[in-house]
Amino acid sequence: MAKNSHLHNLPVRLAVGAYLLDSGLSKLEADEAAFEHIHNMAVSAYPFLEKVEPTKFAKYFAQGEILLAAIILLPLVPDVLAGFVLTIFAASLMGLYLRIPGMRHVGSLRATPEGTGLAKNIWILGIGLSLALTPYRRSTRISQAAA
């Protein structure tokens, strides 16, 4: 493991890394209709992506997920760097959730049934922030906190 990677972060890195790797590999095997759907969702939140051809966009997105999974899974990558990259990715996914109409109940952050899949990305954001903030973790013991 890298000098700045910690054993206690390994389980979350393995969990989110495996999840992203599976997601990316699944997208690479998708059909044209799925590529269109991925692209349309992205364009709904980020209109500048309309200029990118749907199949190219979806494949680049899938390859990005696979690259991100490798960064997260490789223990040679420090926790802070892995967390920083994961946080940026998760924030962009949360941007989809916040910007695409119908993902949330009107006037609320609560997910609609259609938005649940995107809303679940909040856990990726939490993991990314936790990894990025690892150096700032205070080591306190329960017995010390009780005293």
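An axis here is a line fitted to C-alpha atoms, for helices over the stretch in contact, and angles run from 0 to 180 degrees between N-to-C directions. Keep that in mind as we walk through this predicted model, where local features need pLDDT of at least 70, side-chain atom pairs count only at pLDDT 80 or more, and totals for chains, interfaces and linings use all residues. Residues are numbered from 1 along each chain as its sequence is written, and side-chain values use heavy atoms, with hydrogens and water left out.

Let's start with the overall layout. The chain has 7 helices and 0 strands (DSSP runs numbered from the N terminus: helices are H or I with at least four residues, strands are E with at least two). Its C-alpha atoms fill a box of roughly 55 × 40 × 25 Å along the principal axes.

Now look at one helix pair. The axes of α1 and helix α6 (residues 122-132) come within 11 Å and cross at roughly 135°. So α1 and α6 are oblique to each other (angles under 35 degrees count as roughly parallel, over 145 as roughly antiparallel, 65 to 115 as roughly perpendicular, and the rest as oblique). On the α1 side, V12, R13, V16, Y19 and L20 make the contact, and they meet W123, I124, I127 and L131 of α6 (contact means heavy atoms within 4.5 Å). By class, that contact has 8 nonpolar, no polar and 1 charged residues (Ala, Val, Leu, Ile, Met, Phe, Trp, Tyr, Cys and Pro count as nonpolar, Asp, Glu, Lys and Arg as charged, and the others, Gly among them, as polar).
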